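Please open the model in your viewer and keep the selection tool at hand. The tour below moves from one selection to the next and says what is to be found at each stop.

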Amino acid sequence: MLDYTLLEDKNNIWVSLSGGTDSALALYLITKYLYENNKQTQITPWCLVDKSRPGNDVDAQNIIDLIKDLIPYKHFNSIITGSFYKEPGGDKVALTKPFWSEMEQTGNYDLFVSALTSSPQVEEMKQIEGFYDAFVKLTSENRDPAESKVEVNHNGRGLTIWHPFINIDKKAIAAGYEEHDLMDDLFPLTKSCVDRNKTPCFKCFWCYEKHWAFGMYDMSGGVVVPLPL
C-alpha cells in the first residue's frame with residue numbers, strides 16, 4: 001500500500017494527521033515499518049484545527065497514543081498544532097497554506113506526508129442519493145477522481161512531499177484497516193464528519209464517503225452510529 005523506499009534515507013518526517021481514517025492509517029503503517037526495520041527516523045505529527053468545529057486535535061492525539069501503545073516505536077516528537085477559522089464556503093486550502101509554508105521553511109524535515117485519498121468514481125457516487133451533490137460542494141479542493149495526481153514531488157530544498165493514497169479511494173483504506181486488524185481499536189478513534197453541530201451529520205461528503213467505504217459512519221463512544229431513519 002505504501003512505497004516504503006521513500007522512508008529509507010529520511011531523518012525527520014512530518015505527517016499530517018487530521019483525525020480521519022486516511023491519515024491515521026498512514027501514520028500507523030509508517031510507524032510499523034520504521035519500528036520493524038529498526039529505524040531511528042523522527043516522526044512529527046501535525047494537526048490543523050478549524051475553530052468552527054474544534055476537537056480534531058484531541059482525536060489526533062488519541063490516535064497517536066493508540067499507535068504508540070500498539071507499536072513501541074521510540075522516536076515520536078510531540079504533535080504540532082495550528083488553528084484557523086473557516087467560514088461556510090471558505091477556501092480551506094488557502095487558509096491552511098501559511099501553516100504548511102511555516103513548517104516547510106524551518107528546514108527541519110526531509111519528508112512531508114499527506115494522506116488525502118482519491119474520491120470515488122462519479123458513477124458510484126451518483127448511485128447513492130445525496131452523495132454526488134455533497135461531492136460537488138468541495139469547490140476548494142482538487143478531488144476529481146478522473147484525474148491521475150502526482151504522488152511524490154520535491155520542493156528543491158531537500159523536502160520530499162508524499163501523497164501515498166492520492167490515487168486510491170477510501171475502499172482501499174478500508175481494506176487496509178481489515179488487513180492490519182485495526183477495525184476494533186484504531187477505526188473507532190477516527191472522525192471524518194465536518195458538520196459544525198454534530199458527528200455524524202449523515203449529509204456531508206465525508207460522512208457519505210466513510211459509509212460508502214466502511215459501511216458505517218463515525219463512532220460515538222465506541223458505538224457504531226446507525227443509519228438515520
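Is Lys210 buried or exposed? Select Lys210 and you will find that, at 1% relative accessibility, it counts as buried, where buried means under 20% relative accessible area, exposed over 50%, and partly exposed in between, with a 1.4 Å probe and protein chains only. Before going further, note that this is a predicted model, in which local features need pLDDT of at least 70 and side-chain atom pairs count only at pLDDT 80 or more, while totals for chains, interfaces and linings use all residues. Residues are numbered from 1 along each chain as its sequence is written, and side-chain values use heavy atoms, with hydrogens and water left out.

Next, select Asp22 and Lys170, which form a salt bridge with their closest N and O atoms 2.7 Å apart. This pair links distant parts of the chain, since Asp22 lies in helix α1 and Lys170 in helix α6, 148 residues apart; helices (H or I, at least four residues) and strands (E, at least two) are DSSP runs numbered from the N terminus.

Now show the strands. Six of them form an open sheet of mixed pairing, in the order β3-β2-β1-β4-β6-β5, two strands being paired if DSSP finds at least two bridges between them. β3 (80–84) and β5 (152–154) stand at the edges with a single partner strand each, so one side of each is left without a neighbour in the sheet. Zoom in on β2 (residues 42–50), which runs parallel to β3 and is joined to it by 5 bridges; the bridge partner of Val49 is Ser83 in β3.

Finally, select Ile30, Ile43, Tyr177, Leu186 and Phe214, the residues with the most contacts inside the largest nonpolar core, which has 57 residues. Such a core is a set of buried Ala, Val, Leu, Ile, Met, Phe, Trp, Tyr and Cys residues joined through side-chain atoms within 4.5 Å. Helix α1 (21–36) is among the elements that each supply at least two residues of this core, and α1 gives the most, with 9 residues.

Conventions: Salt bridge = Lys/Arg side-chain N within 4 Å of Asp/Glu carboxyl O.
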